[in-house]
Amino acid sequence: MTASEHEGRLGEEFFTPGCSSFTDFLAAHRPELLSTRRVLPHGVRAEGAPHGTTVLALTHRDGVLIAGDRWATMGNLIAQRDLEKVHPADDHCAVAFAGTVGLAVDLVRLYQVELAHFEKIEGIPMTLAAKATRLATMIRDNLGQAMQGLAVVPLLAGYDPAAPEGQQGRIFPFDVAGGRYEKSGFHAEGSGSPYARGAPKKLYRPGMSRREAALAALQALYDAADDDSATGGPDLTSRILEAPGRLDRPAPVRRSFRFHGQDLSPALLHTTCRYSRMARGCSPQPSVRQKDLPPDDGRP
């Protein structure tokens, strides 16, 4: 519905009571704006679209951490080196993605609007389980394009205030057909996920601290980059590192790690450098050992 048809005024569909889903509203009145529901001509498969690779999430005693590498690949080429794969969806959940980058970015933006629209219409936010179900429905709408090679596989991590103490962090993976699952502890998606799961299998334990979860995520992403050619490791020349985020009690969505008012990013950089030196058979320098990280006593 164009503005000229109503002489610059909103159409009556904007004032008609309906459902609280923004996606359903858009599908009813402007379906051409939904990129996830477009299907390529019969027999055509998408080739050469940039793809995001490895993302992962780990729960800890205060919530959940979600992280990803920064590469987008296009066949044997690196399409982008600093792609943001981790995005806040609202105050209590974040979504990371693997798969076709263009569709994934559109899906994440639509999902952010979907959650905000529901809260404005209903007056209350969705529960975390309902948010996961809603995202599964949106993925299912993309099934036609997924079968033609344009698949999107998101990973949802959230902080559930209604869950028992120590179990507020929850992780929801999905499949390309919209299947919704829930994993305990940790999970990884993307081409590097088989390698990324190795480090958490050895390092993860229930009730681990945020600091321990961050180090485990860094090791997991480094392992994935070491074995998977489509997963990017730390680029120390361009200072491009893995993108972590955490969701916990003091401030639900944070894009960097802070302890006692100190930014932990340099410490994470040093730790990543230490892993790189150890992989080359060099001993770590004392100035970048784990003991130099600020202690974690539960405070933000």
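**Before you start**

This is a predicted model, in which local features need pLDDT of at least 70 and side-chain atom pairs count only at pLDDT 80 or more, while totals for chains, interfaces and linings use all residues. Residues are numbered from 1 along each chain as its sequence is written, and side-chain values use heavy atoms, with hydrogens and water left out.

**The whole chain**

Show the protein chain as a cartoon, and you can look for eight helices and 13 strands; here helices (H or I, at least four residues) and strands (E, at least two) are DSSP runs, numbered from the N terminus. Of the 300 residues in the protein chain, 46% are buried, where buried means under 20% relative accessible area, exposed means over 50%, and partly exposed lies in between, using a 1.4 Å probe and protein chains only. A contact means heavy atoms within 4.5 Å, and among the contacts in the protein chain between residues at least 6 apart in sequence, 65% join residues at least 24 apart.

**Helix 3 and I139**

Select residues 128-140, which form helix 3, and compare the distance of 19 Å between its end C-alpha atoms with the 18 Å that its 13 residues should span at 1.5 Å a residue, a result that agrees. The expected span of a helix is 1.5 Å times one less than its number of residues. Now colour the buried residues of helix 3, which are L128, K131, A132, R134, L135, A136, M138 and I139. What do these buried residues pack against? Their partners are helix 1, strand 7 (93-100), helix 2, helix 4 (143-146), strand 8 (152-159) and strand 9 (169-173).

Stay in helix 3 and pick out I139, which counts as buried because its relative accessibility is 2%. Not counting residues up to four places away in sequence, I139 touches L107, V152, P154, F174, D175, V176 and G178. If you draw a line from I139 to A177, C-alpha to C-alpha, the two are 6.9 Å apart in space although 38 residues separate them in sequence.

Next select helix 7 (residues 210-227), whose 18 residues reach 26 Å from the first C-alpha to the last, close to the 26 Å expected at 1.5 Å a residue. Its buried residues include A213, L215, L218, L221 and Y222.

From there, move to Y195 in helix 5, which is partly exposed because its relative accessible area is 35%. Apart from neighbours within four places in sequence, Y195 is in contact with A220, D223, A224, D227 and D228.

**The loop at G190**

Select G190, in the loop between strand 10 (186-189) and helix 5 (193-196); its relative accessible area of 23% makes G190 partly exposed. Leaving aside neighbours within four places in sequence, G190 is in contact with T53, T54 and A98.

**The second largest pocket**

Select E13, F14, T16, P17, G18, C19, F25, H29, H117 and I121, which line the second largest pocket. Helix 1 (22-29) and helix 2 (101-122) are the elements that give two or more residues to this lining. A pocket is found on a 1 Å grid over the protein atoms alone: it is an open set of points where a 1.4 Å probe fits, with protein on both sides within 12 Å along at least five of seven lines, and lining residues have an atom within 4 Å of a point.

H29 and F14 are 15 residues apart in sequence, and their C-alpha atoms are 9.8 Å apart in space.

**The cysteines**

Finally, is C19 buried, partly exposed or exposed? C19 is partly exposed, since its relative accessible area is 46%, whereas C93, at 0% relative accessibility, counts as buried. A search of the whole structure finds zero disulfides, a disulfide being a pair of cysteine sulfur atoms within 2.5 Å.
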